[in-house]
Amino acid sequence: MSTAVALGRDHRLVGVALAGVRVLDAASETEITRAWEHLDDDVGMVILSADAADALRSSLADRPDILTVELP
C-alpha cells in the first residue's frame, strides 16, 4: 500500500497532518531536494508547497511512480 507525504513549509500542511499525512518540513532548496531524493519506497503521493514545487520542477518527471499535487 502506498503512503502520502507533504513536503515543504506552508501553514496549510498542518491540515494534511491532521488527516494522518506525514509532513516533511523543508524550507531551503537543499532541504527540499534532499527530502525528495530520500523518500521512502512506499510513497505514492507527495503534496508540495509552492516553494517545494518550484525547487523540484525539473526533477518531478524523474519519479513517474509518484503522484505530485501542488498547493496553489
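## Cores, sheet and salt bridges in a predicted model

In this predicted model, the largest nonpolar core holds 17 residues, of which Leu 7, Ile 32, Trp 36, Leu 39, Val 46, Leu 48 and Leu 56 touch the most other members. A nonpolar core is here a set of buried Ala, Val, Leu, Ile, Met, Phe, Trp, Tyr and Cys residues joined through side-chain atoms within 4.5 Å, where buried means under 20% relative accessible area, exposed means over 50%, and partly exposed lies in between, with a 1.4 Å probe and protein chains only. At least two residues of this core come from each of strand E1 (3–8), helix H2 (29–37), strand E3 (43–48) and helix H3 (50–56), and H3 gives the most, with four residues. Helices (H or I, at least four residues) and strands (E, at least two) are DSSP runs numbered from the N terminus. Apart from this core lies another, of six residues, among them Ala 6, Leu 13, Val 16 and Leu 71. In soluble globular proteins, nonpolar side chains tend to be buried together.

Residues are numbered from 1 along each chain as its sequence is written. Local features need pLDDT of at least 70 and side-chain atom pairs count only at pLDDT 80 or more, whereas totals for chains, interfaces and linings use all residues, and side-chain values use heavy atoms, with hydrogens and water left out.

Not counting residues up to four places away in sequence, Ile 32 touches Leu 7, Ala 26, Ala 27, Asp 51, Ala 52, Ala 55 and Leu 56, contact meaning heavy atoms within 4.5 Å. Ile 32 is one of the buried residues of H2, together with Ala 35 and Trp 36.

The four strands form an open sheet in the order E2-E1-E3-E4, with parallel pairing; two strands pair if DSSP finds at least two bridges between them. Strand E2 (22–25) and strand E4 (67–70) are the edge strands, each pairing on one side only, and neighbouring strands are turned by 25° against each other on average, direction ignored. E1 and E2 run parallel and are joined by four bridges, with Ala 6 opposite Val 23 in E2. H2 lies across E1, E2, E3 and E4 and runs at about 165° to E1, where axes are lines fitted to C-alpha atoms, for helices over the stretch in contact, and angles run from 0 to 180 degrees between N-to-C directions.

Six salt bridges are found in the whole structure, a salt bridge being a side-chain nitrogen of Lys or Arg within 4 Å of a carboxyl oxygen of Asp or Glu. Among them are these:

| Salt bridge | N to O distance |
|---|---|
| Asp 25 with Arg 9 | 2.7 Å |
| Asp 54 with Arg 57 | 2.9 Å |
| Glu 70 with Arg 57 | 3.3 Å |

The pair of Asp 25, in strand E2, and Arg 9, in the loop between E1 and helix H1 (13–18), links distant parts of the chain, 16 residues apart. Glu 70 in strand E4 and Arg 57 in the loop between H3 and E4 are 13 residues apart and likewise link distant parts of the chain. Arg 57 is partly exposed, with a relative accessible area of 44%, and Glu 70 is partly exposed, with 40%. Salt bridges that share partners join Asp 54, Arg 57 and Glu 70 into one network.
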